[in-house]
Amino acid sequence: MGLLSLIFGRTKLRKPNREQFFSVITAAESLSGRTDLVPTGKAGVVFSPVESTFFENLNTELTDLLKVSGRATETLCETKDDSYGTRWVVLEDQDFEDLVATIHLVAETIAEHGFGDRLLAAVLQLKYEGRNAHWIYSYKQGRFYPFVLSGPQQRDNAAELRLGTLMEGEKMPVQKELEQWYALWGIPF
């Protein structure tokens, strides 16, 4: 950590390991075949927007890029702001591999425009044990963790631990520190 980072309280974003990020594809295929875990075809990237003309240009470019990508992959997309002040690129595609590739494309585009530090998480929705569950990829940590809902603003910690164990068994990079498994309320899908 450099002196300016220390003074301004910024942490350096981990460089995403492409191979580790794409491990979700193999894990989803493997787990779907032998557990009750099923991808729903919905996902998103959440980031903190900033007021600037550069960021507005990024929004325009992302929209154009997703239109082109969507035609090639048939991925549906839309941008939504939530009540927490964050912005979501919400994606829908029944082809899980296309969904993961589009998430990566969105994150790379944001990072290439100098806003990588604004990326918060990529979120993949699943059904697990009959409930909505998510694999959350923290861009700051460079790791995944599970998030299982048991009701509005309630999470099922026991199911999260079981799902985390399954994820580790599939060689996904799972966040080891449980206190870093943050709740992500208000997911818009």
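I call a residue buried under 20% relative accessible area, exposed over 50%, and partly exposed in between, with a 1.4 Å probe and protein chains only.

I noted that this is a predicted model, where local features need pLDDT of at least 70, side-chain atom pairs count only at pLDDT 80 or more, and totals for chains, interfaces and linings use all residues. Residues are numbered from 1 along each chain as its sequence is written, and side-chain values use heavy atoms, without hydrogens and water.

**Helix α3.** I took helices (H or I, at least four residues) and strands (E, at least two) as DSSP runs, numbered from the N terminus. In α3 I found S23, V24, I25, A27, A28 and L31 buried.

**Sheet.** I counted strands as paired if DSSP finds at least two bridges between them. I read an open sheet of seven strands, in the order β2-β3-β1-β4-β5-β6-β7, with antiparallel pairing. Strands β2 (76-81) and β7 (154-155) are at the edges with a single partner strand each, so one side of each has no neighbour in the sheet. I then looked at β1 (residues 38-47) and β3 (residues 87-92), which run antiparallel and are joined by six bridges. K42 has E92 of β3 as its bridge partner.

**Core.** I took a nonpolar core as a set of buried Ala, Val, Leu, Ile, Met, Phe, Trp, Tyr and Cys residues joined through side-chain atoms within 4.5 Å. The largest one has 52 residues, of which V24, F96, I103, L124, W135 and F144 touch the most other members. Helix α5 gives this core its largest share, eight residues.

**F96.** Which residues is F96 in contact with, leaving aside neighbours within four places in sequence? I listed V24, I25, A28, P39, L124 and W135, with contact meaning heavy atoms within 4.5 Å.
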